[in-house]
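Here are my notes from a read through your model, point by point. Have the structure open while you go through them.

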Amino acid sequence: YPTLPHRTDSFLGTWAFPNVGWGPLDRTVPTLAEVISAAGADTFLEIDCPHMVKQGHYYERGFSAWRWERGHENDNLAPKSLVQKMPVPGDPKKYRQPVWPVQQHQANMLFRGRERDEDYLMAVVARNAVEDLRHLKDSQFFMWVDMFDPHEPFDPPQHYFDRYYPGFEGVLYTVPVYGRCDCYSKEELQAIRAAYLAESTMVDHWLGYVISAVKDLGLDENTVILFTSDHGLCYGDHGFTGKNFAPLYGNVARIPLLVSTPEMRSAGKSRKVKQLVQPVDLMPTILDTMGITPPREWKGEGVSLAPFLDGKSVETHDTAFSGQYAASSPNPNTPGGHLRVSTQEWALIFPPDLGGTREKPLLFDLKEDPAETKDVLAKNPGVAQKLYAKYAEFFKAYNRAGDDAPIPAPAELA
């Protein structure tokens, strides 16, 4: 968590947390794309996420071909003179600060000439991916299609927005504050949520466009499709909008993983796996599925999920960890010390450290309270201690610097 650390987990098969935060991809270890490319397969990266490649982040490393559609969020595409002319509707204090990315994104879309649905970045990425498939269909390939949406700024076409909030005439705050949401009216919050749902629906449409192309191009019988995401956001949930300044509730930390194989599609059947899995499991799973043996120098820390795809089972993780290590977070928009420790039954959450001030930890019974609305730590201190002990064990095993676990135990914060 969030964007770049998730992709570090996925591209390296090793834990970003508790070692690194937001930053460049490690240049000293093999990447997923490098290993696949070395095995002789084509590798292609289609993205519109600016953070992966700008400022030397180098997440394209190892791909034999890659393309970045410019202009999302705060990407410096449009000239400054145009950015400064862009209006900031409504109350500037109701946007995530600073507000210039709102103007930058507006200017970028004007600069790109966005007019139709097909001009939206998610649509362009999808169309690019289908064009790539036409060239790759006769070879073994691995393609990573990375859509930044649904993500702020939330500015979907009006007809998508009207599905969820028809008749709204107020100000849509396309980049809501990262923090408490009490600055918004009920209608404004509803509009923010509607814009997110609208973008999600549009992403769904364009993902369907790519998946349909797999069948149309004759790839349905030999192509495995994986769908996942990096994080969620708050839209009034638990009294917050955005992320980073909110605790890692399930609506932010829990992410989907859907896998479709030719055999599943042919049989018209699917299965739901209850075991906990995490992004570090993607690299070994993909390599196993493609029949590629990783190099000896790769020290993977995930579990291959390939047996699940054959109807078998495999031991994964009894506890899941999401967080960001305070000492390795140069991004000022991301408070350090985020932590979520969860099992099938429980979630222990340490809110972020905001300038040396941290609220008390929270414990939720996921069986009785899956929406995580009722903190039961006071009634279950032993459960919290056991979960924290799991975290301390995990941190000691995977922190490569030999640091002590940086977040106090629940008893010290109660």
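1. How many bridges join E11 to strand E12 (residues 362–365), and in which sense do the two run? There are 4 bridges, and the two strands run antiparallel. In E12, look for Phe-364, the bridge partner of Ala-347. Strands here (E, at least two residues) and helices (H or I, at least four) are DSSP runs numbered from the N terminus. Two strands count as paired if DSSP finds at least two bridges between them.

2. Before going on, some ground rules. This is a predicted model, where local features need pLDDT of at least 70 and side-chain atom pairs count only at pLDDT 80 or more, while totals for chains, interfaces and linings use all residues. Residues are numbered from 1 along each chain as its sequence is written, and side-chain values use heavy atoms, with hydrogens and water left out.

3. On its other pairing, E11 meets strand E10 (residues 338–342) in the antiparallel sense, over 4 bridges. The two make a hairpin with 3 residues between them. Val-341 sits opposite Leu-348 of E11.

4. Is strand E11 (residues 346–350) mostly covered or mostly open? Mostly covered: 5 of its 5 residues are buried. Buried means under 20% relative accessible area, exposed means over 50%, and partly exposed is in between (1.4 Å probe, protein chains only). In a regular strand the side chains alternate between the two faces of the sheet. In E11 both faces are covered, with Trp-346, Leu-348 and Phe-350 buried on one side and Ala-347 and Ile-349 buried on the other.

5. Now the charged pairs. The structure holds 17 salt bridges, each being a side-chain nitrogen of Lys or Arg within 4 Å of a carboxyl oxygen of Asp or Glu. One of them joins Arg-340 and Glu-372 at 2.7 Å, N to O. Arg-340 is in strand E10 and Glu-372 in the loop between E12 and helix H12 (381–398), so this pair links distant parts of the chain, 32 residues apart. Arg-340 is buried, with a relative accessible area of 3%, and Glu-372 also counts as buried at 3%.

6. Take a look at Arg-7 and Asp-230 too, whose side chains meet in a salt bridge (2.9 Å, N to O). Arg-7 belongs to helix H1 (residues 3–12) and Asp-230 to the loop between strand E5 (225–228) and strand E6 (234–235), so the pair ties together parts that are 223 residues apart in sequence. Arg-7 counts as buried at 5% relative accessibility, and Asp-230 counts as buried at 15%.

7. Another pair is Asp-132 with Arg-67, a salt bridge at 2.8 Å, N to O. Asp-132 is in helix H5 (residues 121–136) and Arg-67 in strand E2 (residues 65–68), 65 residues apart. Asp-132 is buried, with a relative accessible area of 5%, whereas Arg-67 is partly exposed at 29%.

8. Over to the surface. Arg-254, Lys-272, Lys-274 and Lys-367 gather in a patch of positive charge. Patches use residues with over 30% relative accessible area and no salt bridge, joining like charges within 9 Å and nonpolar side chains (Val, Leu, Ile, Met, Phe, Trp, Tyr) within 5 Å. Lys and Arg count as positive, Asp and Glu as negative, and His and the chain ends are not counted; the place of a charge is NZ of Lys, CZ of Arg, CG of Asp or CD of Glu. Lys-274 lies in the loop between helix H9 (262–267) and helix H10 (282–290), and is exposed at 67% relative accessible area.

9. There is a nonpolar surface patch as well: Val-224, Leu-226, Leu-257 and Val-277, with about 250 Å² of accessible area together. Areas come from the Shrake-Rupley method with a 1.4 Å probe, and for residues only the protein chains shown count as cover. Val-277 is in the loop between H9 and H10 and is partly exposed at 31%.

10. Last, the backbone. Most residues other than glycine have a negative phi, and most peptide bonds are trans. The bond from Phe-17 to Pro-18 is cis, with omega near 20°, and a cis bond also joins Asp-149 and Pro-150, with omega about 0°. Tyr-58 has a positive phi near 65°, and His-238 has one of about 55°.
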